[in-house]
Amino acid sequence: MRTIRFILRKEFLQIFRNKAMLPIIFIIPLIQLIILANAVTFEIKNITFNVIDFDQSSYSRELISKFTASNYFTFNRSSFSVENSQEDFRTNDSKLIIVIPKNFEKDFIKTGNSKVQLLIRAEDGNAAVIIQNYSTNIIRQFNIGIIPEWQGANTWKTPPMIDITYSNWFNPQLNYKTYMVPGILVLLVTTVGMFLTGMNITREKEMGTIEQINVTPIKKYQFIIGKLIPFWIISLFELAFGLLVAKIIFDIPILGSIFLIFFVASIYLFVVLGIGLFISTITETQQQSMFIAWFCMIVFLLMGGIFTPIESMPSWAQTIAFFNPVAHFNKAMRMIMLKGSDLSDIHQTIYFLLIYATVILSLSVWRYRKVS
Amino acid sequence: MSTDSIIIKAEDLTKRFGKFTAVDSISFEVKKGEIFGFLGANGAGKTTAIKMLCGLWKPTTGKANVAGFDVYKQTEQIKKTVGYMSQKFSLYDDLTVKENVSFYGGVYGLSNNSIKEKSEYLIKKLEIEKEKDELIKSLPLGWKQKLAFSVAVLHDPLLVFLDEPTGGVDPITRRQFWNMIYESASNGVTIFVTTHYMDEAEYCDRVSMMVDGKIAALDTPRNLKNRFNVKSMHDVFVKLARPDYVPNPIPSNQITTL
Amino acid sequence: MKRFKGFLIKEFHHIFRDKRSLLILFGIPIVQILLFGYAITNELKDGKIAILDQSKDEITQEISNKILSSGYFMLYEDLESQNDIESAFQRGIIKEVIIFEPEFSEKLFRDGKASVQLLADASDPNLANMIIGYTSSIIQNYQQGLIKSGSVQPVITTEVKMIYNPELKGVYMFVPGLMSVILLLVSALMTSISITREKEMGTMEVLLVSPLKPVQIVVGKVIPYFLLAFVDTCMILLLARFVFDVPLTGSLLLLILESILYIITALSLGILFSTISNNQQTAMMLSLSGLMLPTILLSGFIFPIDNMPYILQLFSNFIPAKWFVIIVKGIMLKGNNFFYIWKETLILVGMTIFFLLLTIKKFKIRLQ
């Protein structure tokens, strides 16, 4: 125990003497959080659209005014040729072309059936689906709105209607930041933890000080614990700082217990730091360890469900994602913060992380050789 | 010679890296309290031998016993008993003198009182009262080396390994350094020192000469000079390393580095 | 010229001797494109839902079956009461609860109106949006079937055409984006590290006193990475074409020329960074946090720029990758010719010249 205390003191002295450390702990996370929370969004607003109105009737004008009035759409220009209008797709000036055919109004009144064509610029498939949803919604509303008008002329029995109402739970305003900030916090503690520990032992290797350590009677586990604890504390501190910023700047709800967040995080960090330490035991230079850490991080983060839902992945990828600690922690964070889930909801995550931490830490202790 | 007085005993100790044999079946004994010089050119296998003896590397074949412990199985006990100063400077650059001393003291399990006492003594002895709270990286190399030596013997080891301790240091500091070695030796610490400065060999009680991974000669400096009929250890070394070499007509003490 | 050739050969030796880095250089593009192509997707598939059916009649059964057989949804559990909803969401598995009101079919045929309520877990707003969209359109389709079999009602049918990406594949977006990120990694990051390493080791001094001209040294350092980046470009394009069926509607030659331009831009950035930083660590940090991160975030390849706050949109204009992504998408998906992308090309050329001028200025100061 006493030996560990001496190692800890030495590590802390070195960490805080390093001038680059304070910005890494305070400024970079702050900037990342602010930029990421604003940049990382799949929200679709300001959909620019072109109109080709061959009908020029009161119905067609009314339909277009419904689009213009919506918050999601912005009118770009009107023309009478699809080809001409589609030029704006090439120059990225427009995302949607609404084509209203001739006799739109007449067909509607006469046959009860008319058509609208939507051309959507779909390089981004996701955005395209959302644009489609928004537009069909508007057209449907319009459709329902003009039925009574039309019924005035024809007296028909009211057909059966299924009334669909929906509500968005846990995030009624569909605020994307609410969703992303917990994920960004995960990203933050993961990057800081993994890079710092990943480079730590390799730095001692490069400086040659590891050799001196290796001839002392330090036990392997003492050394690993001594290396682990400082970054564990720093990362938890980092998380606290991030949560505070999230609360103050973005007013992110924290429905669940803060204590539970830190409990899960403290286990998760043993996994991340363990991976970092493991990387530093298998590399010789800081450059190598940085590259490997970076590569792992990309795979972990992209497959961790932070940006895109894991449920959307093919099953082989979901199997891989099961072994990704980021995925588990990210899920738990979002559940606790946004839905107020409690310990019984996430106990499986905790077991998983505990097993993972034990395995990876034993692996690093085993892999760390007290040889030069 | 009773076995009690023997602190290192190596028999056919060998280390191979792939096809390359760095240390080729060396056998020797080191007596308690002596200054044992381990000489050889760069790449002769000195560092490899030292690393095996202090438990950093496992030998490929052969036997060795350090302070009564086996170099295969009891490396951790060896580490408790010996001190080591590596070829690379190995104190923490970004810690102060006092912090380094207290860290290593703590790691070796010294009590807080004894850490305090030792660091005060050390600071006084090295005359670095003013610099005790400065970062190591701001000190000149000679001071760093003296400090590294003091740290290596901090826990009063029975035996200390010094791997090229005076590399790159000016002659005056080297002199001072050797005075520190003598002082430790007079306190009963066995010194095992490698060097490629042949003049330093003269300071040792016994020296072994390594050439290409083998021990080419092992004796007191005086006996070696007599045997090869030369005036300096430098010439002994040259004769051993290049048997066809004709000794330089210029008095050899002028071409040694000191 | 002969000296230069010798120097160039030395540079190639350096690169090919470092097997680990080489593996990363070629491994990263492949792994990333496979991940993005297969795993990173927003598509809705087998979303787990719960149904609270308070009437359990023929109509609600039919609607449930329609929803569950669509391929978008999978029934995870049947709920018994409203009180179960919250805890069901909190367990974190289901994404939507569909509630049919009691006496659904009676109300539908008697009053002509019955209501179904959709509750989505909107902690992921994007997913919630899609789930609600899909569910309501399935129910509407069902309703239209009812109408047709019953009375007549006027309907506006919407015909949707997805231009450039009819199957809505995510890869179409990622290929241009990944090209911009990977080329930046190879060109800017690697060159800046390689030049600073030479500075750190002190070998740069040796080179500078040699009869080689400074320009020759820099060009010699850069050419191997230029070729590596080019090989990576071809690799990505081949993967895109033959593994993911991304079309190439425009001219291949134009695409390659534009890629070369972008590689040169990235290389000039790398050289600039190497003149600023004194050690590999700094060069690496600068390139990773100052280049990679903004490129991934603000080039518009994952997250649409149009929806970001104005200040970030403004900032994104300074990121070469943004323009390159527009160019590549234009050529590959839209078949744009040079006439449509000359502006973006000009911006890249301008940036390159700016970076080079800055480098020369820094370099001169250092030599004095």
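Analyst: Helices (H or I, at least four residues) and strands (E, at least two) are DSSP runs, numbered from the N terminus. By this rule, chain A has 14 helices and five strands. The model is predicted: local features need pLDDT of at least 70 and side-chain atom pairs count only at pLDDT 80 or more, while totals for chains, interfaces and linings use all residues. Residues are numbered from 1 along each chain as its sequence is written, and chains are lettered from A and ligands numbered from 1 in the order in which they are written.

User: What radius of gyration does chain A have?

Analyst: This radius is taken over C-alpha atoms, and the globule rule is 2.2 Å times the number of residues to the power 0.38. For 372 residues, a compact globule would have a value near 21 Å, but chain A has 29 Å. Along the principal axes, the C-alpha atoms of chain A fill a box of roughly 95 × 45 × 40 Å.

User: Which strand of chain B pairs with β1(B)?

Analyst: Two strands pair if DSSP finds at least two bridges between them. In chain B, β1 (residues 6–17) pairs with β4 (residues 61–66) in the antiparallel sense, over five bridges. Within this pairing, Ile8(B) stands opposite Val66(B).

User: Which residue of β5(B) is the bridge partner of Val66(B)?

Analyst: The partner is Phe69(B). Strands β4(B) and β5(B) (residues 69–70) run antiparallel and are joined by two bridges. Their hairpin has two residues between the strands, and Ala67(B) there takes a positive phi near 50 degrees.
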